[in-house]
Amino acid sequence: MGVFCRIISVLLIFSLPVVCRGQKPEDTTSGGCIPVLSLSEDNLAYKAGEYLKFTVHYSWGAINSDVGWATVNLDTLRLDGRKIFHCSVFGRTVRWYDLLFKVREDFQSWFTAEGIRPVKFTRNTNEGRYTATNTYHYMWNAAEPYIAADVYSSSSGQRNVNMPLNACTYDLPALFFLARNMDFDSVVPGRRYPMTFAIDDDIYNVYFILHGRETRKIKGLGTVRTIKFAAKLLAGEVFTGEEDMMIWVTDDDNRIPVWFEAPILVGTASGRLAEYSGLKHPFSSLTNK
């Protein structure tokens, strides 16, 4: 994954944990998933028409500025007679930063409106001279379910691979929406919970920790009552793996990430909610604009 793709991934996934249907909370320390609230469409934390925009900030040395943004759009369609959510995620660097390092990220995800089961995922990444594409088809009806992945990167070329698939494995956008239905009452503060997601031709496993509630002032948004998490980042080309990333999500029925801070190998990346519309529930955690 390229740098900006990893930051977009942070916004989508590390902002909330991986969860899974029907798993008991005491099972989570042994590699299971934590429970969610009802995944019936009527009871979800969002609805079609929701729009979120996040600003990405970078600080290192003389650079201390907003360098990009990402939007998340949710709509619906019908596929083989089923109602399907379609999520579009687009991220890019701002114009002045394009002169230094131009980035464009495009994630598309399709998942069922009932049960939030992933159906298809595509990714199109351009970061400087680096390019990458992913196309996933989720083969749930196979004797042993798997992800049929067609992946390409300018560094590794074209690959067609079958990746393991179980009820706790999602692509990034689908996982973002699944996780927003988490049952906070079943999460024990301070305990490590596992996260699993697929990107490129790999399955990644990390964990998160619930810290508790905190009121935080968000630039351009206002004062927000939040729930604070820490996520352990994977060491690699971008993240150090030595420090946790901190995430704050709204303490209301929308469960929207409003702020994150992530140490990277060079400098610090952060992000904040900049715009929103089409929310299913009142933004009741926003106490002062």
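Mentor: A residue counts as buried under 20% relative accessible area, as exposed over 50%, and as partly exposed in between (1.4 Å probe, protein chains only). Tyr97, at 16% relative accessibility, is therefore buried. This is a predicted model, in which local features need pLDDT of at least 70 and side-chain atom pairs count only at pLDDT 80 or more, while totals for chains, interfaces and linings use all residues. Residues are numbered from 1 along each chain as its sequence is written, and side-chain values use heavy atoms, with hydrogens and water left out.

Trainee: How do the side chains alternate along strand S6, and which of them are buried?

Mentor: Strands are DSSP runs of E with at least two residues, helices are runs of H or I with at least four, and both are numbered from the N terminus. In S6, residues 130–139, one face carries Tyr130, Ala132, Asn134, Tyr136 and Tyr138, which are buried.

Trainee: Which strands pair with S6?

Mentor: Two strands pair if DSSP finds at least two bridges between them. Strand S5 (residues 118–127) pairs with S6 in the antiparallel sense over eight bridges, and Phe121 has Tyr136 as its bridge partner in S6. The S5–S6 hairpin has two residues between the strands, and Gly128 in this hairpin takes a positive phi near 60°. S6 is also joined by eight bridges to strand S7 (residues 146–153), again antiparallel. Here Thr135 stands opposite Asp150 of S7, and the hairpin between S6 and S7 runs through six residues.

Trainee: How many residues of helix H3 are buried?

Mentor: Eight of the eight residues of H3 (residues 172–179) are buried, so the helix is mostly covered by the cut-off already given. Among them are Leu172, Pro173, Phe176 and Phe177. At the start of H3, a side-chain oxygen of Asp171 comes within 3.0 Å of the backbone nitrogen of Ala174.

Trainee: How many salt bridges does the rule give?

Mentor: A salt bridge places a side-chain nitrogen of Lys or Arg within 4 Å of a carboxyl oxygen of Asp or Glu. The count comes to 12 salt bridges. One of them joins Arg272 and Asp66, at 2.8 Å from N to O. This pair links distant parts of the chain, since Arg272 lies in strand S14 (residues 268–277) and Asp66 in strand S2 (residues 63–79), 206 residues apart. Arg272 is buried at 10%, whereas Asp66 is partly exposed at 23%.

Trainee: What is the setting of the salt bridge between Asp98 and Arg104?

Mentor: The closest N and O atoms of this pair are 3.0 Å apart. Asp98 is buried at 18% relative accessibility, and Arg104 is buried at 19%. Salt bridges may also form a network: Glu214, Arg216, Lys228 and Glu261 are linked in this way.

Trainee: Which charged residues lie over the rings of Trp69 and Trp140?

Mentor: A charge sits over a ring if NZ of Lys or CZ of Arg is within 6 Å of the ring centre and within 35 degrees of the ring normal. Lys53 lies over the face of Trp69, 4.8 Å from the ring centre. Over the ring of Trp140 sits the charged end of Arg117, 4.1 Å from its centre.

Note on methods
Polar contact = N/O pair within 3.5 Å; in protein donor to acceptor, adjacent residues only side chain to side chain.
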